[in-house]
Amino acid sequence: MGLNFNSAGIVKGFFGGNAYLAIVFLLFICLFLFKSGIGFIPAYKNELSNARKAGLEVSNMIDYELKGYYAISAKLNQAFTSEKRERFGEKEILKYVYEEFEGLLDDELEDNIDGYLDIDEDTTEKAEAKTTLLAEIDSACRGLGEKFLLSKVTPRIPSTTSISDDTIDSAIEYAQQYALNDYETPEEIDQILTDIADQMGALGVINKDLKKSSAGLEKLHKTVETSARKTYDILKNNYKLRNSIQKLKEGLVKQSGKLDNLTDSEKIATQETLISEIQTKIDEAKSKIVEVDTEEAIIPIYAALEGHPAIIEKLRAVVPKNIEKLKDIDFISPEAKEYAAAIEELLPQYLEILDEQETSISNWTHETKVSYFAAIKAFFFGLDWKTGSNRQSLYGLIPLLSGSLLISLVAMCFAVPLAIGTAIYVNQFASKREAGILKPAIEFIQAIPSVVLGLFGILVVGGLLKDWSASPLLSWLPGFPINDRLNVLLAGILLAFMASPTIFTLAEDALNNVPKAFKEASLAMGATRLQTSLKVILPAALSGIIAAIMLGFGRVIGETMVVLLVAGNKAKIPNFSEGIAVLGQPVHTMTGIIAQEYGEASPGSTIYQSLFMVGLVLFTISLIINTICQRILARQQR
Amino acid sequence: MNASNPFAKKKSLFEVKERIQLNLLRLACYTIIGCAIFIFSDIVVKGAPTFFKAEAPFVNTEFFTKSPEILSVWHDQDGVKYSMTKSDADVWQTENPDLQVIDLHDYAASGGGILGPLLGTGLLVVCCMILALFIGVSAAIYLSEYCGKHDKLMNLVRLSILNLAGVPSIVFALFGWGIFCHMAPIHVSVSELSDTTLWAFPFAGGYISFQGWDTSLLAGACTLAIMVIPVIITACEESLQAVPKGFREASYALGATQWQTIRKAVLPFAVPGVLTATVLGITRVAGETAPIMLTATVTEKGNLPFNTIVDEGVWGFFSQSVQALPFHIYTLSKLPASENVKPMQYGSIFAFLLLVMGFALISILLRNRIRKKLKW
């Protein structure tokens, strides 16, 4: 630019300075994100190493083993309940309804029943009393109402939605028998429980055996966890205190420095009180630090771990044996059969988890140092994002990344065919007038604010999607009906609608840029218009269209409000083993986590830094996508 | 067309296939349009009842003259349903002591109107556009008038502009939150000096402290400005480039300096383009939620933004946090689903949609007009 101090130079410098601001902003964003994010790694390293020193890490490993067992046990319970419902559904409800009635008779109609029972002889009097009593029982029982009964039954059989009149009628009948037979529960009612015990017995035994076998592991986990938590909490608190002492000390140095420049005695006095205040704060913080000998605190954990191999050995023997027994049971309910099959599939995975964790637990020592690399790895490849609990915070990117990618992928599946199809239609087939309306209309859609779309998704589309997925016409689709109102599919659909105009506009430009001669040559060869469009023009514009798709992807993965509102915000890795049904699950995203957790993050805290790390990842992704697209478009223009 | 014509050519399989393919393309196009129509009509139909009412003056004035408040809904022993803001409800309950309040429910931010958020959004947009236009237009003038097309540094600027335009808004939000809310310099007295300040030095009776502006109008406006500058630079540069070279050459030939040329011969003709860029920028900025959510907004606020200027002066005005329509909508959308909240939800998105789409419509119309009109 040179140093011109004439007016033209100043004007030029003024404008130029503003232009360079763009570069400055970009660099500044890069640097700032990097600077704020980079502090995360030592902080996370410290948390991880505290967790290791305290033994919390090994507690997590045991927790993994338990989780594997819980997955199997949950399926087993589901199999049990659905089988029971299939075999004894109505009968079991009958029993519970009857029990309500029995209680009612005991409480309120006791005098009437006693009155009837006290009449000795078989006279007409007795017959009359009998009819009155029966009528009384009937009306009293019906007086309870279905709603009340349902509220009593559902805690025991959660799947009940209604109680049929037949059930109530027969329950009343049994209640009447109960009254007439001198408070003796009818045999049929007692029989129900025996039947259930007889026929469900095998499953029940399996369930009980499994529970018993895992009890040892649960106990071990509890011992290790309590011991480790105690140490970890102290370590965590100490780290916080040390940090604040560090800050206070810096402040102290600053304030003391000022003292030298002051001459006014009043000011010196206030400054001195300020300094002494800081000093007391430091002393206070120092007094709160509790020194803990991790070497000693870890001893009970090692002692407890000695029992671990034996417990695992037992589990390894008992679990497969019990699951083998499942095969001998004749399931009536198809659902229970499915659950049983799922358990069998889970078993090898479970055994694998046991193997893996057993070796890592036996190799585990609290002494190995956590390296920076391990902290970086724990962030980029960590499988859990857990903040805000008073236990150890985990910052693993994978659940967020997989959620973001899954939603974007679903959105692109919808958006790409729609947008490209629209672009071809508008560019090649629509009349001039039609195109003149369609193009601005679609560009207009681009301006719909994302938060409006998000709320609309919650209010309208979410309900529609849930209702449609429950319709019998679509029940053949895997994963339908969808249980969660907010899920990947919903977010994907809304984002597809958002991304379509972006992709459309860019793809249409690319189609427009294809030289006219291509089209003319193709038509002259006798190709139809559709053939020309799909086989000549589309391939010629392919690079531009790919750039359009990528920019659309960039827009989708960076979108915040829609995913924050409709993706369900559950920070766990979507369960891909369910196949396409994964679309019905709630997930969390990188953009969503920033918008959700910024409120709890104070500057300098680990969570604050972790959010900047996530932002940095997003920033990098968008830069990469942009750069590639610029390259593609630049080459195309040449 | 005549179906009974025995000589009519039979449609071959190929033609049928081709027709189906074409109609699939058409279907894709009208699916998008259909979805848009569905969304608009749903919001208009359900939002209009909040806007209008049956008796004169036919417009629900309360909705536009009040700020969001807590909504209380209950019924009395006769089953008559009441629904009013919490403050009104307290008055009502003391006035009607003989009527029981049964089944009372409170809903956050669902009563009253949207005046506060509307004003907040307006202020954010105006402040942001002033900043962004100042920087954006000057940068565009430099890029278009002072640099050659193949200047290396300028290509770098263009590249960073393109890249900035693609950065997700939440990253801008994070950046603005970190810089403007927690690091920007501010003049404070000793007692206000924050523990988290990066650096502070004494100045004019107090301290200049790098401790940030907290959630404030200014922080929000700056964040939005950085976000929208690439859009404005690109659009303005385009409109400057569209001014024919002859204009400049004629001006130089008359002995004008470069600055005179720009001022008299280029800028006046680029004004419509700059205007379009402005409206385009407003459309983009007004619709954004994430950046202002982190940097500028609060859910509830007792007074309107302009009242602060009287009490706390100009700096107080800029450093206050504001309500904003998109954030208000976000707050509403997190409430549990209920019929009592829906009027506010739909009313707010209807108003917001009208606002943003109005600007979008103006920008599209303006652009088309300019394209038609300005042909040299």
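How many helices and strands does chain B have? The points below start there.

1. This is a predicted model, in which local features need pLDDT of at least 70 and side-chain atom pairs count only at pLDDT 80 or more, while totals for chains, interfaces and linings use all residues. Residues are numbered from 1 along each chain as its sequence is written, and chains are lettered from A and ligands numbered from 1 in the order in which they are written.

2. Chain B has 13 helices and 6 strands; helices (H or I, at least four residues) and strands (E, at least two) are DSSP runs, numbered from the N terminus. Its radius of gyration is 28 Å, well over the 21 Å that the globule rule gives for 376 residues, so chain B is more spread out than a compact globule. The radius is taken over C-alpha atoms, and the rule is 2.2 Å times the number of residues to the power 0.38. The C-alpha trace of chain B spans about 95 × 85 × 40 Å along its principal axes.

3. Of the 376 residues of chain B, 43% count as buried. A residue is buried if 20 or more other C-beta atoms lie within 10 Å of its own, exposed if 12 or fewer, and partly exposed in between, with C-beta atoms placed from the backbone.

4. Between the chains, 69 residues of chain B are in contact with 70 residues of chain A (C-beta atoms, placed from the backbone, within 7 Å). Helix H1 (residues 13-51) of chain B gives the most to chain B's side, with 16 residues. That side divides into 48 nonpolar, 17 polar and 4 charged residues. Here Ala, Val, Leu, Ile, Met, Phe, Trp, Tyr, Cys and Pro count as nonpolar, Asp, Glu, Lys and Arg as charged, and the others, Gly among them, as polar.

5. Chain B is assigned domain 1 (11-59), domain 2 (68-112) and domain 3 (115-373); such bounds come from an automatic or database domain assignment. The C-alpha centres of domain 2 and domain 3 of chain B lie 41 Å apart. Their contact takes 8 residues from domain 2 of chain B and 12 residues from domain 3 of chain B. On the domain 2 side, S3(B) gives the most, with 4 residues. By class, this side of domain 2 of chain B has 6 nonpolar, 2 polar and no charged residues.

6. Helix H7 (residues 217-241) of chain B has 25 residues and reaches 35 Å from its first C-alpha to its last, close to the 36 Å expected (1.5 Å times one less than the number of residues). A kink of about 40° lies at Val228(B), shortly before the proline Pro230(B); the bend is the angle between axes fitted to the seven residues ending at a residue and the seven starting there. H7(B) is mostly covered, with 22 of its 25 residues buried.

7. Most residues other than glycine have a negative phi. Ala109(B) has a positive phi of about 55° although it is not a glycine. Ala109(B) is in strand S3 of chain B and counts as buried because it has 24 C-beta neighbours inside 10 Å. Asn569(A) also has a positive phi, near 50°, and sits in the loop between helix H22 (561-566) and helix H23 (590-597) of chain A. Asn569(A) has 18 C-beta neighbours inside 10 Å, so it counts as partly exposed.

Key:
Two residues are in contact if their C-beta atoms, placed from the backbone, lie within 7 Å.
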